[in-house]
Amino acid sequence: MITTTLNARTNVLLEASETDLLRDIVVLLQEERGGELWGLARHLGLSPEESDDAVQETLLRLWAALRDGTAIERPDAWAFRSLYRLAMDRHRWHRRVRLLTERLGGQPPRQAGVDHADRMAIWEAVEGLPERQRLTIYLRYRADLPYEEIGAILGIAAPSARSHVSRALDSLRVELGEEASR
């Protein structure tokens, strides 16, 4: 009986210390990279309030994934990818609502400038890039990170990060040049 009670207490202490460790990982990420995550959300076109929500949702998802036992080698890279996906989901949702409102005869659609449409076309084209190129483009041009940090996040050397960005830009120029001629 005493051994069973001690084992139960030990298991509770181990679970509590593991929960504290997971919380510390998320808190440290928020302290060290929270501003960059928020900046990425803003660069992805989210409002300040939406950016706050997206960063918070990203950190909650990270904590839940870690708590559920998901092996995440680079929590910071995982967070940037997740935040990007959340922002793109938000844009898709806004687009669907706008299209539905138009179909139902609601308010007239908001007139977007050509500049906004061009930017959206570029980021949609980025979606079609291979994953490594797509991630380096987002980290470079949305998170405004230097190549050294991009390399650290993705686990590659800084020159490799620069090379991925360069190849991605070449691909985008070809793709967007072809679309412009259609």
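This is a predicted model: local features need pLDDT of at least 70, side-chain atom pairs count only at pLDDT 80 or more; totals for chains, interfaces and linings use all residues.
**Fold and confidence**

The chain holds seven helices and zero strands. Read from the N terminus, the order of elements is α-α-α-α-α-α-α. The chain has 182 residues, and 33% of them are buried. Take the contacts in the chain with a separation of 6 or more: 65% of these join residues 24 or more positions apart.

How confident is the predictor in this chain? The mean pLDDT is 80. A value of 70 or more is reached by 80% of the residues. Among the elements, helix H2 (residues 48-67) has the highest mean pLDDT, 91. Helix H1 (residues 2-43) has the lowest, 72.

**Salt bridges**

Side chains of opposite charge can pair when their charged atoms come close. The count here comes to eleven salt bridges.

| Pair | Distance, N to O |
|---|---|
| Arginine 23 and aspartate 20 | 3.1 Å |
| Arginine 33 and glutamate 36 | 2.3 Å |
| Glutamate 50 and arginine 90 | 2.9 Å |

Start with arginine 23 and aspartate 20. Both lie in helix H1, three residues apart, about one turn of the helix. Are these residues buried or partly exposed? Arginine 23 has 41% relative accessibility, so it counts as partly exposed. Aspartate 20, at 33% relative accessible area, is also partly exposed.

Arginine 33 and glutamate 36 sit in helix H1 too. Their spacing is three residues, about one turn of the helix. Arginine 33 counts as buried because its relative accessibility is 12%, under the 20% cut-off. Glutamate 36 is partly exposed, with a relative accessible area of 23%.

The pair of glutamate 50 and arginine 90 bridges two helices. Which parts of the chain does this pair tie together? Glutamate 50 lies in helix H2 and arginine 90 in helix H3, so the pair links parts that are 40 residues apart in sequence. Glutamate 50 is buried, with a relative accessible area of 18%. Arginine 90 is partly exposed at 33%.

Some salt bridges share partners. Bridges of this kind join Arg33, Glu36, Arg74, Asp76 and Glu149 into one network. Two members of that network, Arg33 and Glu36, are the pair at 2.3 Å in the table.

**The cavity**

Rolling a probe the size of a water molecule over the atoms shows where empty space is left. How many cavities of 30 Å³ or more does the whole structure have? The search finds one. About 60 Å³ of space lies in the largest cavity.

Which elements give two or more residues to its lining? They are helix H3 (75-103), helix H5 (131-141) and helix H6 (147-154). H3 gives the largest share, four residues.

The lining of the largest cavity is made up of Leu40, Ala77, Phe80, Arg81, Tyr84, Leu135, Tyr138, Leu139, Ile153 and Leu154. By class, nine of these residues are nonpolar, none is polar and one is charged. Arg81 is the charged one, because arginine counts as charged.

Ala77, one of the lining residues, is found in helix H3. Alanine 77 is buried, with a relative accessible area of 4%. Where does isoleucine 150 stand relative to alanine 77? The two are 73 residues apart in sequence and 8.9 Å apart in space, C-alpha to C-alpha.

Alanine 168 lies in helix H7 (residues 158-180). Its relative accessibility is 0%, so alanine 168 counts as buried. Which residues does alanine 168 contact, leaving aside its neighbours within four places in sequence? They are Leu129, Gln133 and Ile137. Valine 126 is 42 residues away from alanine 168 along the chain. The C-alpha atoms of valine 126 and alanine 168 are separated by 8.1 Å.

Technical notes
Residues are numbered from 1 along each chain as its sequence is written. Side-chain values use heavy atoms; hydrogens and water are left out. On a 1 Å grid over the protein atoms alone, a cavity is a set of points where a 1.4 Å probe fits but cannot get out, and a pocket is an open set with protein on both sides within 12 Å along at least five of seven lines; lining residues have an atom within 4 Å of a point. Grid points are joined across faces, edges and corners, and a volume is the space filled by probe spheres set on the points. pLDDT is the predictor's confidence in each residue, from 0 to 100. A salt bridge is a side-chain nitrogen of Lys or Arg within 4 Å of a carboxyl oxygen of Asp or Glu. Buried means under 20% relative accessible area, exposed over 50%, partly exposed in between (1.4 Å probe, protein chains only). Contact means heavy atoms within 4.5 Å.
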